[in-house]
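I opened this notebook to record what I looked up in the structure, taking one topic per entry.

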Amino acid sequence: MTGPSHADVFCQVALPKPVFQTFAYRVPPELRGRAVPGTRVRVPFGRRREIGVIDSVLGIPPDRTVRDIAEVLDDEPLLSADLLHLCRWTSDYYAAPPGLVYRAALPPGLLGEARPTGTAELERQVIELVGEAPTLLERDAAFGRAHRQRQAFETLEAIGGSAPVAHLEGHYGYGRSVIGGLVDRGLARIRLEAVTRDPFAGSGDDVELPRHLNARQESVLGALVRLAREPDPGVALLHGVTGSGKTVVYLRLISSVMERGRSAIVLVPEIALTPQTVQRFRAAFGGQVTVLHSALSSGERHDAWRSLRAGERRVVIGTRSAIFAPVPDPGVIILDEEHDGSYKQSDTPRYHARALAAVRGRAEGALVVLGSATPSLESWQNATEGRYRLFELPERATPHPLPHVDLVDLREVRARALAAGEAPESIVSPRLRDAVTTRLERGEQSILLLNRRGYSTFLQCPACGQVWSCPSCNVSLTYHRARARLICHHCAHEEPVPVCCGACGEAELQFTGIGTEQVERRVTELFPSARVLRMDVDTTGSKGAHGRLLEQVRRGDVDILLGTQMIAKGLDFPGVTLVGVINADTGLNLPDFRAAERTFQLLAQVAGRAGRGGEPGEVLVQTARPHHPALRAAVEHDYLTFAYAEIKDREEPGYPPHRRLVNLIVSGPSEERVAEVALATAEKAREIVERNGLSDIDLVGPAPCPIDRIRARWRWHLLLKSVRAADLGSLIRHLARHHGQPAGGLRLEIDRDPEALL
Ligand code: ADP
Ligand code: ZN
């Protein structure tokens, strides 16, 4: 190859690597027509070949000799111009490696090291004969002693010239080497053929949707429909209490958008936890609906993606990554439960689907609707300051108003028991016990929430004080009784339960802190005839487990459903009339700026499960902190009071929504090196701030993270705060571009708009 000349064409390719730059390649003349942005290409990289995405075509040649693209893999771009724009924005805003953003935007397995067999699950391999078949006379010479290859060749001829590889293997018994031999001889080739499956087929058939909207729903719907027709509709915040009928409004809004030939994207926090939402969409739109979520196999996800891109289906429901769904011309993008933390990806690229929705909506003229009973304070501030339109559904659509909520003071429960000379009951207070008993007598259902799994959260030696903690993480181990193990909830390390203290020999070890397993045990003791179902990560590990368990509740085969936050989300069971929160303080005590907000949201959400049917609901919240403002507000169903108080509390420390945050996290195996690199990063950040006049940015730290060790990596962080989003962006892009990743197994993670600072 000669050096670059002006007759050549070059492009920048994004490879899925943790680097901020893209890589230049020459486009050989024969590939020119197909090498366009958004198309996957195979390129040489070092001594390997890798698959990346063409990010842009260069107008001028690079200033050095570059290698050639080896192959263009797609006949038309996988990513439309709009999606390319969204990916570039994401990479820029979060200072995230562009190749990792493209990988997040595409179905799994399409980028990375070139390994054709890795795609077997996505698509099926089909073998087909190519070229001129050797005549019968030529065959002896052509195949020689490769009799099996000749047989396989003739089998293929006999069955029409092509067949799935799995069919040749399974039905006719030809091995991979025989099939590969045909390909090597140039007689056949293997192509990939997409397989279509429909994992949610059928669900939604028996769902009844309300026929008529109430007056408030009608007026909100009317306004949203009008907004959606504007050329630049912007963002609407739909603040509607639990059970106010937001879902029905979404469905009607989508219908009106579809009537105008446009598509819809609906994001939900976790599909497995909200099967009823999917069923309602199925009931309304049938085969138009495609579901995208993380529990799908990569093949299923690939099918869904393809059908959307082809315009075969026009409604997509999915978790956060569905914001990249390749629907042509979305007219509306809905985020249900917009406050949910799962909309933020917790590893690179650490994007927030809400932010991307706003960007995509603006670029494609789609109305963005954020729905919640407890909006994030960021969205609330945007609405009250006029950047979002605010719509309210303050009342339930069902016969009964929001349930009555009462706090049960656990300190009083304890004092009273001690005064009476009894053992205090810290799991089910007498008041909660009576309430459950009443439900059991009436044949109604109860939900009990405790947001901690396991049996005991803490094991300690009362004699010498030793606490059993994870060898790799700085957290205590949780005792899981059913498995008789101590388990780390951060890294899944497990070990046997000690019979005595290894340090001092004490045999009576102390188990403290209640988890769901212990609640289950106590509840079955207290209510021996009740049918109890526990739902948490430990009981829902297998695929489809959520759906099966929830179906039992819906059929009425369960009297008491107990579990972690996964039972608080979006469920609509008319038989549930009591919600008990075993301990509301678990989340309040976390050292994080969103602790109060998360607790308020969780309480409002779980309280919202009660009294949705023909009978009114009741909620009992057990706490040792009954005066905490988040709990007081939850009792009154008073989002506004909570929001104003919490927004005020965040002003002084300069947390969102007042200021924007970036958390820079340095981690690595050596504490000393981590501290050094964190200090050096802070130094660089200060320099960038000074040199570029970004004086509004405050740097806090560096300091060890609240959880200073996870998976044997020490963690330090540095917090950046500013009212000027653009300045934060410049700073982190500068860091990502010019300082890259630290050497020696250390990592610098840039978390813009963090959901938590743990
Ligand atoms: P949200 O999403 O706001 O919590 P849902 O959309 O789940 O509320 O509605 C709560 C319940 O009220 C559902 O059972 C729904 O069928 C019912 N519902 C909603 N709108 C109406 C209406 N206009 N008339 C009667 N029932 C309704
Ligand atoms: Zn651990």
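Entry 1, strand pairing. I began with Ile 447 and found that its bridge partner in strand 26 is Val 579. I noted that the model is a predicted one. I then looked up the two strands concerned: strand 18 (residues 445-449) and strand 26 (residues 576-581) run parallel and are joined by five bridges.

I read the strand order as 17-27-26-18-25-24, an open sheet of six strands with parallel pairing. At its edges I found strand 17 (404-409) and strand 24 (532-535), each of which pairs on one side only. On average, and with direction ignored, neighbouring strands of this sheet are turned by 20 degrees against each other.

I noted helix 13 (residues 410-419) across strand 17 and strand 27 (618-623), at about 50 degrees to strand 17. Helix 14 (residues 430-442) lies across strands 17, 18, 25, 26 and 27, and I recorded about 155 degrees for its angle to strand 27.

Entry 4, the zinc site. Which residues coordinate the zinc ion (ligand 2)? I found the SG atoms of Cys 470, Cys 473, Cys 488 and Cys 491, at 2.2 to 2.3 Å. The site is tetrahedral, with angles of 104 to 112 degrees among the four donor atoms. Cys 470 lies in the loop between strand 19 and strand 20, and Cys 491 in the loop between strand 21 and strand 22, so this pair ties together parts 21 residues apart in sequence. I recorded both Cys 470 and Cys 491 as buried.

How values were computed
Residues are numbered from 1 along each chain as its sequence is written. Chains are lettered from A and ligands numbered from 1 in the order in which they are written. This is a predicted model: local features need pLDDT of at least 70, side-chain atom pairs count only at pLDDT 80 or more; totals for chains, interfaces and linings use all residues. Side-chain values use heavy atoms; hydrogens and water are left out. Donors are N, O and S atoms within 2.8 Å of the metal (3.2 Å for Na, K and Ca); water is not among the atoms, so sites may look incomplete. Four donors count as tetrahedral if all angles lie between 85 and 135 degrees; four count as square planar and six as octahedral if opposite donors are over 155 degrees apart and all others between 65 and 115; anything else is irregular. Helices (H or I, at least four residues) and strands (E, at least two) are DSSP runs, numbered from the N terminus. Buried means under 20% relative accessible area, exposed over 50%, partly exposed in between (1.4 Å probe, protein chains only). Two strands pair if DSSP finds at least two bridges between them. Axes are lines fitted to C-alpha atoms, for helices over the stretch in contact, and angles run from 0 to 180 degrees between N-to-C directions. Contact means heavy atoms within 4.5 Å.
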